[in-house]
Amino acid sequence: MIPTEEHDTSAPLLDGRYRLEQAIGQGGMSVVYRGVDESLHRPVAIKVFHAGIVDIARQEAELGVLAALEHHNLVSLLDAGVLVGADGTQQRFIVMSLVVGQDLEERLAVGPLASRHIAEIGYDMAEALDYIHAHGVVHRDIKPSNILLVDYGNDSDRARARLTDFGIAIAAGVERLTADGVTTGTAAYLSPEQARGGEVGPPSDVYSLGLVLLQCFTRRREFPGSLVESAVARLSRDPVVPEPLSEHWKHLLSAMTAQDPAARPLGPDLVAMLRDVVMAETATPDHVVEPAAESVPARADTDRPTTLDSLPDESLQRTTAMAARLFDAPIALVEVLDEDREWSQSYIAEGVDEAARSISFRNGFAPIPVPVVIPDGSTHPEMRNSPLVTGPLGIRFYVSVPLVKHDGATIGTLAVLDTRPREATEADLANLRDLAALAVTQLEIRQESLRTTSDALPVARVVGGQTA
């Protein structure tokens, strides 16, 4: 198919029109080449997707939507086609305007930006998002390397920012450009709803842009690490906005990165907020904000830095709330057991009897290293006489999965309970296991970070957030 080496003039033309030159970028989905449109004698950028990445037969409608986008803060999609190999393998390619300029990630590697320039970049991107969202398109991959800073050479006092790479954008009502099962978006910039695998809309792009603007000040990713590590971190806490920032920046970044998508400013509201920030910054001399070291989240300072001595309460609260939502159930619990201590965290829906707060896995439900499913406790020989079933709670359904560390040790239990008899499918169990794995990863990351400041004592076995 398409080699990654530089092409000479003897290389075949794509669609009889586009000649590939050297590769100028590469990612997990595609390779981007500099090329020449020999019909119009102009340079272009040609993105060639890896074979099997996109469903060619089902994406024409989306390409039509993306090709119709035309805005001064976007890199336009000019054309698209399909390459067919000798073996019949097909690869999608798209042709875009070739924009010469430094991307934001490269610029941040050079040195800090003045706060006025950060505001101008944010304003340009807010206008771009307002436009694409109004046309039913969600970008899904807002990150510094997808923001190009372009100097048009007209003595302008600033570079203009243009948003590029709509390779995984979703246009409303049409298929995605990515194949089923392919993780879209870049881990460090995913919104909380993307990290949960939930519905993604315009607020997700706003959240990601908020993280990008924050990185312009700190020059570090707020949620680094692998997909799991990064996802767990953003579900555990809000981004830390550096204290030296002015109040208008603090308000803006906090609003853009709100956990609740409905609380984030969208469309004209976001444009107006960033316009106000640009005006505020323009009225003051250019300055570079150097965040103080204490703006980085402080690690817990404890005498005994095990996983359980500083459990991330908010993260485990979210874990139980998400588990309850997965099953549409009123009760979910997570419990962590140490040699001589026990922690538990729970989600209790409104209206549930207060007796639910006294449930403990040691009261008849000792953690075991395998999933447990009890469809109807009233008919289960080991549960039907339990106070959970016969008492005011009237529990019928119980499902649990173990919390298992990466070394295989079982450290606790994540469980969901309901007053209705019901079944748990394999998909339900898989979702609950994934949620438990995310919780354990968060605990292990926290333990490892604490280990660097103190000698670690015996590590625990698992569950929640409050001393029992």
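How many salt bridges does the structure hold? The count is 14, and several of them are taken up below. Please keep in mind that this is a predicted model.

1. As general background, nonpolar side chains in soluble globular proteins tend to be buried together.

2. Setting aside neighbours within four places in sequence, Trp249 is in contact with Ser115, Ile118, Ala119, Leu213, Phe217, Val277 and Glu281.

3. Next comes H3 itself. Is this helix mostly covered or mostly uncovered? It is mostly covered, with 16 of its 20 residues buried. Its length agrees with expectation, because 20 residues at 1.5 Å a residue should span 28 Å and the end C-alpha atoms of H3 are 28 Å apart. After H3 comes Gly136, which has a positive phi near 75°.

4. H3 also holds a charged pair. Glu120 and Arg116 meet through their side chains in a salt bridge, at 2.8 Å from N to O. The two residues are four apart in helix H3, so about one helical turn separates them. Both partners are covered: Glu120 is buried at a relative accessible area of 8%, and Arg116 is buried at 14%.

5. H8 deserves a look from the end of its axis. This helix of 16 residues reaches 23 Å from first to last C-alpha, close to the 22 Å expected at 1.5 Å a residue. Its buried residues are Gly267, Leu270, Val271, Leu274, Val277, Val278 and Glu281. They cover an arc of only 125° around the axis, so they lie on the same side of H8. What do the buried residues of H8 pack against? Their partners are H3, H5 and H7. Pro268, Asp269 and Met279 are exposed on the other side of H8.

6. Arg264 is worth checking as a charged residue in the interior. It is found in the loop between helix H7 (247–256) and helix H8 (267–282). With a relative accessible area of 4%, Arg264 counts as buried, because the cut-off is under 20%. Which side chain makes a polar contact with the side chain of Arg264? That of Glu193 does, at 2.7 Å. Leaving aside neighbours within four places in sequence, the residues in contact with Arg264 include Ser191, Pro192, Pro203, Tyr207 and Met256.

7. Glu38 pairs with Arg19, and the closest N and O atoms are 2.7 Å apart. Here Glu38 sits in the loop between strand E3 (30–37) and strand E4 (42–49), while Arg19 is in strand E2, 19 residues apart. Glu38 is partly exposed at 32%, whereas Arg19 counts as buried at 16%. The side chains of Arg237 and Glu222 also meet in a salt bridge, at 2.7 Å from N to O. Arg237 is in the loop between helix H6 (227–236) and H7, and Glu222 is in the loop between helix H5 (202–218) and H6, 15 residues apart. Arg237 is partly exposed at 25% relative accessibility, and Glu222 is buried at 7%.

8. One set of charges goes beyond a pair. Arg17, Asp37 and Arg42 are linked in a network of salt bridges.

9. Finally, two backbone entries for your list. Asp15, in the loop between strand E1 (13–14) and strand E2 (18–26), has a positive phi near 55° although it is not glycine. Asp328, in the loop between helix H9 (313–327) and strand E12 (331–337), also has a positive phi, near 50°. Are these residues buried or exposed? Asp15 counts as exposed at 52% relative accessibility, and Asp328 counts as exposed at 59%.

Conventions:
Residues are numbered from 1 along each chain as its sequence is written. This is a predicted model: local features need pLDDT of at least 70, side-chain atom pairs count only at pLDDT 80 or more; totals for chains, interfaces and linings use all residues. Side-chain values use heavy atoms; hydrogens and water are left out. Contact means heavy atoms within 4.5 Å. The expected span of a helix is 1.5 Å times one less than its number of residues. Buried means under 20% relative accessible area, exposed over 50%, partly exposed in between (1.4 Å probe, protein chains only). A polar contact is a pair of N or O atoms within 3.5 Å; within protein, one must be able to donate a hydrogen and the other to accept it, and residues adjacent in sequence count only if both atoms are side-chain atoms. A salt bridge is a side-chain nitrogen of Lys or Arg within 4 Å of a carboxyl oxygen of Asp or Glu. The arc is that of the directions from the helix axis to the C-beta atoms.
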